[in-house]
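Dear colleague,

I am passing the structure below on to you, and after it I have set out what was found, so that you can follow each point with the model open beside the text.

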Amino acid sequence: MKLTKFYTWDTRQIKNKIKIQWSEDMIKPEINEQNSRFSMIGEKIVHIDLKGAPPKISFYKYLLPLLAKFGATGILLEYEDMFPYSGDLVNISARNAYTLDDIKEINKLAAEQNLKIIPLIQMFGHLEFILKLNSYEDLREVPEYPQVICPTHEKTVKLLEVMVEQVIRSHNNIRYIHIGADEVFYLGVCDRCTDFMMKNNLSKNLLYAQYIKKIVGIIKRLYPNITVLMWDDQFRSFTNRDFSFSNISNYIEPVIWKYTKDVYDELGPSLWNSYKKHFKNVWIASAFKGATGSNEVLPATTHYLQNHHSWMSVVAEYSNQINFQGIIITGWQRYDHFAILCELLPLGLPILAMSLRIVLGPAFGSPKCTFPGGEIIENIIRFQQLKQEFESIIENSKVKGWMTDYNVNHCFTNIYYVETVTTPLGKIKQDLFEVKALLEVSLSDIYDEFTVNEWIETYVKPLDTQVNNLWNAKMKLTSKKNWDRRPFVKETCR
């Protein structure tokens, strides 16, 4: 028999509690005995991705104490367009961006829990929220794609300097800033960049490094004591010569990210051998949600726990060769600025708790916590169940053989098959109506109306449309009492 434990979370505003069940098998390390006793030393930072579903400020009053209880030492706030930029930059912020007073409150709440705040400001790739706008179109590296900013455009550095100054000024005494700089898919391709590279005899890697050094120089000039973090993926193609010639390792600390189940094998020893030569300090980054599919609704528990076990195996092996400063446990809310919402934050909190237990080691024990948002979990699970029930009807051969567009257009079917296969449809239709109403209420406890509407439009409305279409087809098909002779020369069902 499997040993089963339960976590219970309380929604505070409501009376009912929800139990999330997980088995010991989910958190059993798939690594050796020595590594299973390993504890991560250094910072444990939880990533909060605000470019999708930014929580209401009231939610932080419950979230931040919870993260501290889990064992986190800080939060990485990826603002994107949720920061209230001012002056000439006022129009790059979302219409529902946080206010400066909101950020002061987050600072206060974090300080009360002894949680560091690390702002993340994208400085190279993933700048869609700015480059999508007409007024910044000329800064794109590729005119058709608003993902990457041109590193050699004279306006680029000026823009980013103002952004950095405004964000850092809103956070008191921060030790770290994260400049993103991952997934720079278009590098050195515009005419300006290619001319610059030719004149200065630079490869794309060296162009990248030179630009990063320029950005870090701006930050250090304004705030000399801040340590600059950035994602590492662009360095994975660097040669020893690239590292030595650019001297980039003296400017930043890389955050090595990988969200798969087998980090150890996929990154491989060559990366670690390279990084231990060139970087004094490194960080690692795992995931507790938002990394297994751009339209996932429920987090894949086993995947994320295995990701953390694998990371601990890496750290255990290389900790005597590499100085690991900490781990950033990411929780992505969109894959990029244009993508739909994936798993919402409350649904990832149980996995985050278990992930931090893995990182902290067995001595930390099992957290027993409460948090607001339990109704969201309950309602989304019920929604997913309804979706699966409907999909089982759609996949039934009776629908595929007797409820096609052809059948509906000509009202030509075996009514018995239609009635039997659609027996559950009425209940699904009614339950979906009720779940939609419940979701609107529970989501509103944590999110603003824009996020609530987006989630409903993205996930509930398409299913609602499909259910109603099938219901209407059923009603149309079963209303017929007599049928025409073949062949049908036109649509015969009105």
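**Pockets and cavities**

The second largest pocket holds about 300 Å³ of space. Please bear in mind throughout that this is a predicted model. Lining this second largest pocket are 15 residues, and those nearest its centre are Glu183, Trp257, Tyr259, Trp332 and Tyr335. By class, its lining consists of 5 nonpolar, 4 polar and 6 charged residues.

The largest pocket, for its part, has a volume of about 460 Å³. It is lined by 23 residues, with Asp81, Ala94, Arg95, Asn96 and Lys132 closest to its centre. Helix 18, which covers residues 449-478, gives the most to this lining, namely 3 residues, and the lining as a whole divides into 9 nonpolar, 6 polar and 8 charged residues.

Sorted by class, the lining of the largest cavity has 8 nonpolar, 4 polar and 2 charged residues.

**The chain as a whole**

The chain contains 18 helices and 12 strands, and 55% of its 494 residues count as buried.

**Helix 8 and its surroundings**

Helix 8 runs over residues 204-222, and its 19 residues reach 28 Å from the first C-alpha to the last, which is close to the 27 Å expected at 1.5 Å a residue. Which residues of helix 8 are buried? They are Asn205, Leu206, Leu207, Tyr208, Ala209, Tyr211, Ile212, Ile215, Val216, Ile218 and Ile219. As background to such a list, an α-helix has 3.6 residues a turn, so residues three or four places apart point the same way. The buried residues of helix 8 pack against several other elements, which are strand 7 (145-149), helix 6 (154-169), strand 8 (176-178), helix 7 (191-200), strand 9 (227-231) and helix 9 (240-246).

**The loop between strand 8 and helix 7**

Both Ala181 and Glu183 are placed in the loop between strand 8 and helix 7. In general, most residues other than glycine have a negative phi, and most peptide bonds are trans. Ala181, however, has a phi near 70°, a positive value in a residue other than glycine, and for Glu183 the phi, near 50°, is positive as well. Are these two residues buried or exposed, going by relative accessible area? Ala181 has a relative accessible area of 0%, so it is buried, the cut-off being under 20%. Glu183 has a value of 24% and is therefore partly exposed, since this lies between the limits of 20% and 50%. Glu183 is also one of the residues nearest the centre of the second largest pocket.

**Three further residues**

Ser310 has its place in helix 11 (residues 301-318), where it is buried, with a relative accessible area of 7%. Not counting residues up to four places away in sequence, Ser310 touches Lys261, Asp262, Val263 and Tyr264.

Glu440 is found in helix 17 (residues 425-444), and with a relative accessible area of 34% Glu440 is partly exposed. Leaving aside neighbours within four places in sequence, Glu440 is in contact with Val452 and Ile456. The C-alpha atoms of Glu440 and Asn453 are separated by 8.1 Å, these two residues being 13 residues apart along the chain.

Lastly, Pro487 belongs to the segment after helix 18, and the peptide bond that leads from Arg486 to Pro487 is cis, with omega near -5°.

With best regards

Methods: Residues numbered from 1 in each chain as written. Predicted model: local features only at pLDDT ≥ 70, side-chain atom pairs only at ≥ 80, totals over all residues. Heavy atoms only, no water. Helix = DSSP H or I, 4+ residues; strand = E, 2+ residues; numbered from the N terminus. Buried < 20%, exposed > 50% of the residue type's maximum accessible area, 1.4 Å probe, protein only. Contact = heavy atoms within 4.5 Å. Expected span 1.5 Å × (residues − 1). Nonpolar A, V, L, I, M, F, W, Y, C, P; charged D, E, K, R; others polar. 1 Å grid on protein atoms, 1.4 Å probe; cavity = no way out; pocket = protein on both sides within 12 Å on 5 of 7 lines; lining within 4 Å. Points joined across faces, edges and corners; volume = space filled by probe spheres on them.
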